[in-house]
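Please look over the sequence and the model below before reading on.

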Amino acid sequence: MAILDYVTPTSVAWTDARQPTRSFSPSDGSVPVGTWEANGAKHTARAYFTFDLTPYRGQRVVSARAITGETKVNDCDKPREIELWRTDPPASAPTWNTAPTAREKVADVAYPNLPCGSSFIGVMITDALRQAVADGQDHLTLMARIASGHESSKHYGRQIKNIGISLDHNTPPNVPDQLTVEGKACDSPLTIRTTMPTLRASVSDPDAADAGERDQVAATFAWWPVDRPAERTEATLSGQHNPSTYVYILPRDALTHGNAYAFSVRASDTYDSSDWSPECRFTVDTVPPAAPTVASTDYPAGWDGPGAGGPGIPGTFTFTADADDLAGFSYGEYGMTSHFVPVDASGRSATVSYAPMLFGPRRLVVQSVDRAGNFSEDTIHEFWVRSTAPAITDEDPEAPAGMPRRLTLAPSMENVVEYSYRLNDGEAITIRANADGTARVTITPEVAGPYVLYVRSRTADGLLSGEAWTVLWVPEAE
């Protein structure tokens, strides 16, 4: 959008033909133009207003209006004959003798329908200001004078307010950035898995941002096959506030599998357009990769007991697929969270360490994933996880409340060195295992009722077993 500024001059001076070597500054925000008499002496003045144009470099001048007003009129019976001229910027404070060269008349400030002594007078100077900005000038100097035929007549003389400029200007929108395809940034080669992808771009306009306003900026999306740029298609979207992320979904089946495409975006406001953004390239791949094979010596395929490993015990699994564009593999036990592993240097395989959480028959579901995000059909690796929970033997199943109750713990793993047990929700207690891996625990429940004993073993390598539990029925003491 365009921004409206009121630009005040950086310097104001007026000159007097009677004092041709002096330069005068306004003392009350107004300056004389034309002729007047004071103490029997005749004076003739011209006024100079210099404006800084550097903030408007590279911008479009939509419109410019010089604003002034009359603070004193010598003779209201005479018409207003003020002229504005563009001059060279003065090298120093101008005098009548060193006045800057006048280049062209910019406007007549006449307006015969305005009353004499009007406090507000505006005149369009768009062409002059637009040309100065287009020429790269840093300053614009306007001279106010009475028309030459009446400049020496005191009846036409006036005092006017310092001139300001009401400037409507526009900066082109910023070049769109943050281009994405299907949410993927365009900073690396992209492959997508749909023929109607979602394109996004961030669009903004510095004018509206500076003004704190929320005007609308349009975005034009252009896309084409990389090898056939003549087949370029464009679509313009509007109606979103600045700044904004524009989203465009390509028409269904506009793209085809196996082809490379590019897109670019341009932003436009009411008056100007940005340059086209750097292009974003991507390739369409809608064909899923081959399903993988799964191999593991730690957890080999098959549901024959007693199985291998144990809950929490990691095993190595190798996934392999015959595909040229693999990104990696998705894997996880059936009904549980899936994980992703990228392919190794071979580009076709990956090896993971995975610890099943439960014992018994398990299913590991594995899929190949290509760079476009296509998933292969499932490969299901069925295997049996051995139970590692220790065995619990109650040696005093009839012991009543208040009597000791001995329990023997026996390992289901090798090199067990300790056990951790707890009764109901009590604190866990750790005891050392005997040389043969067994241990004995004595508990004395004081109150009759059911109790649950939970036990885990730990090996010399720090490997924790699955959890065993048993219900202890404690009768009343006789």
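The sections that follow go from the whole chain to individual residues.

## Basis of the description

The model is a predicted one, in which local features need pLDDT of at least 70 and side-chain atom pairs count only at pLDDT 80 or more, while totals for chains, interfaces and linings use all residues. Residues are numbered from 1 along each chain as its sequence is written, and side-chain values use heavy atoms, with hydrogens and water left out.

## Overall form

The protein chain contains two helices and 36 strands. These elements are DSSP runs numbered from the N terminus, with helices (H or I) of at least four residues and strands (E) of at least two. Along its principal axes, the C-alpha trace of the chain spans about 135 × 65 × 35 Å. The radius of gyration is 44 Å, whereas a compact globule of 478 residues would have a value near 23 Å. This radius is taken over C-alpha atoms, and the globule rule is 2.2 Å times the number of residues to the power 0.38.

Of the 478 residues, 44% count as buried. Here buried means under 20% relative accessible area, exposed means over 50%, and partly exposed lies in between (1.4 Å probe, protein chains only). Among contacts between residues at least 6 apart in sequence, 69% join residues at least 24 apart; a contact means heavy atoms within 4.5 Å.

## Surface and charge

The accessible surface of the protein chain comes to about 24,000 Å², and 48% of this area belongs to carbon and sulfur atoms. Such areas come from the Shrake-Rupley method with a 1.4 Å probe, and for residues only the protein chains shown count as cover.

The chain carries 39 positive and 60 negative charges, whose mean positions are 12 Å apart. Lys and Arg count as positive and Asp and Glu as negative, without His and the chain ends. Each charge is placed at NZ of Lys, CZ of Arg, CG of Asp or CD of Glu.

## Salt bridges

A search of the whole structure finds 24 salt bridges, each being a side-chain nitrogen of Lys or Arg within 4 Å of a carboxyl oxygen of Asp or Glu. One of them pairs Arg46 with Glu151, the closest N and O atoms being 2.7 Å apart. Arg46 lies in strand S5 (residues 41-52) and Glu151 in the loop between strand S11 (139-146) and strand S12 (158-161), so this pair ties together parts that are 105 residues apart in sequence. Arg46 counts as buried at 19% relative accessibility, and Glu151 counts as buried at 8%.

Asp272 and Arg60 also meet in a salt bridge, at 2.9 Å from N to O. Because Asp272 is in the loop between strand S21 (260-268) and strand S22 (280-284) and Arg60 is in strand S6 (residues 60-68), the bridge ties together parts that are 212 residues apart in sequence. Asp272 is buried at 12% relative accessibility, whereas Arg60 is partly exposed at 39%. A further bridge joins Lys105 and Asp108, with the closest N and O atoms 3.0 Å apart. Lys105 is partly exposed at 39% relative accessibility, and Asp108 is partly exposed at 43%. Salt bridges that share partners join Arg46, Arg145 and Glu151 into one network.

## Helix H1

Helix H1 covers residues 126-134, and its buried residues include Thr126, Leu129 and Val133. The buried residues of H1 pack against S6, strand S9 (102-109), strand S10 (121-124), S11 and strand S13 (164-170). Gly136, which has a positive phi near 75°, follows the helix.

## Backbone features in loops

Most residues other than glycine have a negative phi, and most peptide bonds are trans. Asn242 and Pro243 are joined by a cis peptide bond with an omega of about -10°. Pro243 lies in the loop between strand S19 (233-237) and strand S20 (244-249).

Asn39 has a positive phi near 55° and is found in the loop between strand S4 (30-38) and S5. Asn39 is exposed, with a relative accessible area of 87%. Asn415 likewise has a positive phi, of about 60°, and its place is in the loop between strand S31 (405-410) and strand S32 (416-423). At 55% relative accessibility, Asn415 counts as exposed.

## Tyr454

Tyr454 belongs to strand S35 (residues 449-459) and is partly exposed, with a relative accessible area of 23%. Leaving aside neighbours within four places in sequence, its contacts include Tyr421, Arg422 and Trp469. The C-alpha atoms of Tyr454 and Val7 are separated by 84 Å, the two residues being 447 apart along the chain.
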